[in-house]
Amino acid sequence: MPKTPFETVNPDSKKLGTLSTLSIGLGGMVGGGIFAVTGLTIELTKQAAPLAFVIAGIVALLTSYSYLKLTLAYPGEGGTVDFLCRGFGTGLFTGAANILLLLSYVVLLAIYAYAFGSYGADLFPHESQNFLIHLLTSGVIIGLVGLNVLAAKLVIKSENVFNIIKMVLLVGFIIAGFLTPMDWTRLDPVGAVTPVALIAGSMLIFLNFEGFELIANASKDVADPRRSLPIAYIGGVLIVIVLYVLIVSVVLGHMSLEQVGANRDTALSAAGREVLGKTGYIAIVVAALMATSSAINATFFSTGRLAYVIAKTGQLPKEIERTIRNEHSEGAIICAALALIVANFIPLQAIATAGSAGFLLLFFFVNVASVRLAKETGARAWISGLAAFTTAGALGALCWKVAENPATRSHLVIVGAMIVASVLIEFLYRSATGRKISLRRHKAI
């Protein structure tokens with residue numbers, strides 16, 4: 001049987017067990033986002049920040065059901081790209097949506113890199129901090145994309161180590177935080193913000209949950225998918241909701257809103273100092289640097305393969321199908337160049353808005369695709385329909401709240417530019433080359 005555009009044959013690959021499959025989702029979700037936007041979330045939702053993470057998690061949980069059913073029916077490397085093609089056909093709309101997916105990953109890279117720069121620069125005198133943030137932000141993007149090109153196998157092997165250390169430090173932070181006296185009155189969400197502001201703030205952090213979609217790309221290597229995938233998708237999101245709520249509760253319990261505002265970009269390390277002094281501060285900085293580096297590594301690896309899959313299906317130039325040192329690195333290099341621009345010239349809140357809006361829109365499309373394919377996948381159409389409704393409503397609340405504030409209204413221009421660019425790239429490429437999306441069959445698992 002010929003190899004499909006969504007599959008790669010790797011005879012040396014080992015089948016993934018339940019724990020390994022779950023780790024893919026956890027590693028994708030517990031990345032740089034929680035370090036980057038916790039302070040921003042508390043600024044926007046105040047004492048209701050833990051509830052904001054629950055709301056974002058519920059939206060992710062519903063969407064993970066659609067991904068679960070689609071993955072079981074259409075396993076392979078294609079993931080979201082494949083699901084959109086099957087749900088909406090192979091026209092301009094699908095091609096543009098897949099380009100938007102790639103651009104949304106560029107935004108993720110920028111957020112992770114900015115978080116790395118912020119936590120790294122915090123170790124040095126404040127007089128030089130702004131310069132150091134940009135230096136470290138750019139340096140980590142350039143350094144890690146180079147590492148992905150030159151030593152991809154080393155990157156893959158190091159991911160598990162980074163993830164274990166990161167999780168141990170975060171769990172230690174939570175335990176120490178709850179064992180140390182906290183001001184529980186700071187966790188009262190009643191009257192903190194309006195319902196619309198709470199939902200909008202929740203959706204600004206939605207990018208913290210998007211990593212579960214990476215499970216779909218590894219589905220062909222899962223040993224017992226019928227058992228492992230539900231645990232990885234549903235269980236993974238539930239674990240991350242609990243983890244995030246505990247983390248932000250510790251931050252709020254040990255820091256006033258004014259303190260969080262003064263340390264917005266490095267709120268977790270500031271909370272670490274409040275809990276365990278200098279030791280806690282250093283531990284969280286180390287966790288942040290490891291988590292963001294790990295997230296950037298994994299995202300480069302994913303974007304390289306994603307760009308390859310999109311090119312293989314006829315939506316990007318054939319040149320991106322080529323390999324560098326046996327890895328699909330051209331897409332990662334292009335994404336790195338774009339991420340450098342975004343991370344250095346666009347404010348953090350605007351980046352977070354663009355990233356969350358991009359993934360909410362894409363997940364809305366995936367949920368609708370799940371409804372349309374319910375008879376093939378065996379999904380309960382009403383659950384995927386509810387997921388589509390929540391993602392659409394959440395996206396609307398986010399856009400409305402951003403547009404309401406004159407200081408953030410311009411952030412919607414960036415979101416609009418991403419969508420317009422996706423459509424134009426796909427339209428112009430199709431018009432110039434005449435290539436069409438190719439779609440092959442998969443055997444359900």
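In which helix do Arg86 and Asp82 lie, and what separates them there?

Reply: The model is predicted, so local features need pLDDT of at least 70 and side-chain atom pairs count only at pLDDT 80 or more, while totals for chains, interfaces and linings use all residues. Residues are numbered from 1 along each chain as its sequence is written, and side-chain values use heavy atoms, with hydrogens and water left out.

Arg86 and Asp82 lie in helix α4 (residues 80-88), and because they are four residues apart, about one helical turn separates them. Helices here are DSSP runs (H or I, at least four residues), numbered from the N terminus. The two side chains meet in a salt bridge, at 2.7 Å from N to O. A salt bridge needs a side-chain nitrogen of Lys or Arg within 4 Å of a carboxyl oxygen of Asp or Glu. Arg86 and Asp82 are both buried, where buried means under 20% relative accessible area, exposed over 50%, and partly exposed in between (1.4 Å probe, protein chains only).

The whole structure has five salt bridges. Another of them pairs Arg264 with Glu43, at 3.5 Å from N to O. This pair links distant parts of the chain, 221 residues apart: Arg264 is in the loop between α11 (257-262) and α12 (267-312), and Glu43 is in helix α2 (residues 33-45). Arg264 is partly exposed, at 25% relative accessible area, and Glu43 is partly exposed too, at 35%. Arg264 also forms a salt bridge with Asp265, at 3.6 Å from N to O. Through shared partners, Glu43, Arg264 and Asp265 are joined into one network.

Key
Helices (H or I, at least four residues) and strands (E, at least two) are DSSP runs, numbered from the N terminus.
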